Amino acid sequence: MPDSDNKKKIAPVDRRNFLRGVAAGASALAAAQTVTAQVASAQPPVTSGAANPTGDERPGSDFMVDVIKSLGIEYCAVNPGSSFRGLHESIVNYGGNRNPELLTCCHEEGSAAIAHGYAKIEGKPMMIMVHGNVGLQHASMAIYNAYADRVPVFIVIGNILDADYRRGNAEWMHSVQDAAAMVRDFTKWDDTPASLPHFAESAVRAYNIAMTPPYDPVAIVADGTLQEEPIANKNLRIPKLVISSPPQGESAAVKQAATMLLAAENPVIVPGRLARTPKGIDSLVELAELLQCRVQDQRMRMNFPSNHRLYGNPGVLPASPNLSDADLILALETQDLWTLTNRQTPINRFGMESQPTTKPGTKIINISALELNHKSNEQDFWRYVEADLNIAADAEATLPSLIEEVKQQMTADRKRALEQRGIKVAEANQRARDNNRQLATLGWDTSPISTARLSAEIWAQIKNEDWSLVSTDRMVSGWPTRLWNFTKHYQFIGAQGAAGIGYGAPASVGAALANRKHGRLSVSIQCDGDFNYSPAVIWTAAHHKIPILYVMHNNRSYHEERMYITMLGAKFNRGSGNESNVGTALIDPDINYASIAKGYGLYAEGPIMDPKDLAPALKRAIERVKAGEPALLDVHTQPR
Amino acid sequence: MKFFTITSFLIATCATLAAQTTADKANLDNGKNLFAKYGCYQCHGYVGQGGLAGARLAQTRLTLIAFTTYVRNPRPGGMPPFRAKLVSDKELADVYAYIKTFPEPPAVKDVPLLNQ
């Protein structure tokens, strides 16, 4: 849709010339007028708007770049597409390819996941550009992951709305009436600006919406005609960006929460996506130490130091912590609170029953901004939780006032009692930690290499560096959480959000990019199944010199699904061979990830089979990463 | 005569032991194959080290009877029941024998990487 000032006019048929021709044919005027009308409707329209550019004009996309620069966006991940070629050219030639700088990607899913990982380290959105319907369809799964993970991404969709401006073939097939419609269910806001002033206002509004908790992706359609036609409006301006302060809990509700927390004998804090910033960690530590209570982290963000004495049990699945001894649960941006407090019939049984896993009378306080951004279609809001106190607010922003309330209501007697509780929590933490080390010895020297050994070997090489784990650790039985010492916000970024596989490899690149300017050593424990969705993203890392160490957790399968097939087979007394490998195992032939990585221009070694070979290989690869390049080690590992 | 009797006894004993060793070997090999075939390693690891998906099997204190009973009737929420129609008692005994061969892990104090 063109800027109204730029809209070309479709001229009527050149009537003077037409009549001259008719007169030469000695036709009657009346008859000629009748024929004129018929010809005007039967012939292709003749346009008079086309003009050769002088080269001095500025396209609308230059102004779009001005708008994007005003938002402070550092990078734009892009797989090139004709519907945003105007903006692409302006970023490079007008914007100097800085703020944003283009990142060349080989797939839009990779673009979106790179932005996802970047935002979790940097705390602000990266821009991605996607091409019409086809590019957006490629990107959509990764956008859904970011949405479910409450991560801001600034999406610009190229599209040519005005049919008159589509130059045939692909420009018709890749254009849509409502470009953002296909991701509307899992973006927080979108708009299709009809003019350059509209683009400016909507871009600034979108950025603010994305950055107001709950964070989420937003989408702006950059119309192809608006991009490529010259700027006619000389009075364009860019609205001022002021990020909204996050929603905080209402004071009376916060006071009540403090009262309930202090009255509880054994409260447990369950943080999910709590710490948007490092302040979230500080606040949670302060609250936990005030209350001397257990923190059972869901590990969706770096919420709480993993070696803190009040850390519940670093050895349990984040999705299933034991909360049966709690008499109060404080849920802070917690994911799927219902499943944390109930047990359902597993897949190897029939029917569906559920029962609480908490003891009768256990109170629940739920503080979450998720209540402020409900959508209907995507079911990532989980089962309804009958909380005793629901506070619809950003938990990180609410914690300071909750801490103050707890301090005000705390008595000296209560403080002494809570200290005794803290000692017991710390003793349980030490037992869990000792048990983890004991469990890590099992299969220590085996091949394929145990995930505990893999994690311990990596830790030995990075513990004295300024490191950042830019992958999840769930697929390696959480061993980094159990053995490493996580203290800083950038040292852990959680997982996919919507459990959409294909996130890991590109999100790690995005996080490593954000870490680069701080000189941090980025490490990704990369699952093989995930890697194969967007392997070319490691070329993006090589091309843009993004230092990252990939350590392949190469268990040669889509293992979660393989376990499901085994379980269901046993349920029906069948599957007595290797049927669970069918459709799940990545063998015959084994995939050689070192060869793939070398092909994309990375330093790589492997496959490494013997645990004794890990340490020297890690040393060599880390040297390359510290020199500023990506590296990959392929390691044959135990399943989990 | 006495010499002959003793020699015969020794020969017979050696033959029995050899047969038993062969049988044990066969059981262990079968147990190893079954451990892979039924996907035990998928949750419990190739050497029974366990993980977040499955319990530790290495150094198990379960008797064969307790092991078999659990595999037939695991607790709800845990592993699926592997019934006799799918895995015979003999096969489970072979799996159990194989599990018992998993090497004893080193002590934590002897692993520098676990004392960092």
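In this predicted model, the contact between the two chains takes 38 residues from chain A and 30 residues from chain B. On the side of chain A that touches chain B, helix 14 (412-440), helix 15 (451-462) and helix 20 (559-571) each supply at least two residues. Helix 20 of chain A gives the largest share, 7 residues. By class, the residues on this side of chain A divide into 14 nonpolar, 16 polar and 8 charged.

Chain B has 4 helices and 0 strands, and its pattern along the sequence reads α-α-α-α. Of the 116 residues in chain B, 28% are buried. Among contacts in chain B with a separation of 6 or more, 55% are between residues 24 or more positions apart.

Chain A is assigned domain 1 (60-228), domain 2 (251-427) and domain 3 (441-556 + 591-636). The centres of domain 1 and domain 2 of chain A, taken over C-alpha atoms, are separated by 36 Å. The contact between them takes 9 residues from domain 1 of chain A and 12 residues from domain 2 of chain A. The side of domain 1 of chain A that touches domain 2 of chain A has 4 nonpolar, 1 polar and 4 charged residues.

The largest nonpolar core holds 180 residues, of which Met126(A), Ile128(A), Ile143(A), Val153(A) and Leu632(A) touch the most other members. Helix 6 (residues 132-148) of chain A contributes the largest share of this core, 9 residues. In general terms, nonpolar side chains tend to be buried together in soluble globular proteins. Beyond its neighbours within four places in sequence, Met126(A) is in contact with residues including Ile73(A), Tyr75(A), Ile114(A), Val153(A), Phe154(A) and Gly510(A).

Leu632(A), named above among the core residues with the most contacts to other members, falls within strand 18 (residues 631-636) of chain A, where 5 of 6 residues are buried. The pairings of strand 18 of chain A are set out below.

| Strand paired with strand 18 of chain A | Sense | Bridges |
|---|---|---|
| Strand 16 (residues 549-554) of chain A | parallel | 6 bridges |
| Strand 17 (residues 603-608) of chain A | parallel | 4 bridges |

Within these pairings, Val551(A) has Leu633(A) in strand 18 of chain A as its bridge partner, while Ile608(A) is partnered by Val635(A) of strand 18 of chain A. Strand 17 of chain A, helix 22 (residues 614-626) of chain A and strand 18 of chain A together make a right-handed β-α-β unit.

Note on methods
Residues numbered from 1 in each chain as written. Chains lettered and ligands numbered in written order. Predicted model: local features only at pLDDT ≥ 70, side-chain atom pairs only at ≥ 80, totals over all residues. Contact = placed C-beta atoms within 7 Å. Nonpolar A, V, L, I, M, F, W, Y, C, P; charged D, E, K, R; others polar. Core = buried A, V, L, I, M, F, W, Y, C linked by C-beta atoms within 7 Å. Buried ≥ 20, exposed ≤ 12 C-beta atoms within 10 Å, placed from the backbone. Domains from an automatic or database assignment. Pairing = 2+ DSSP bridges. Right-handed = clockwise from strand over helix to strand, strands pointing away.
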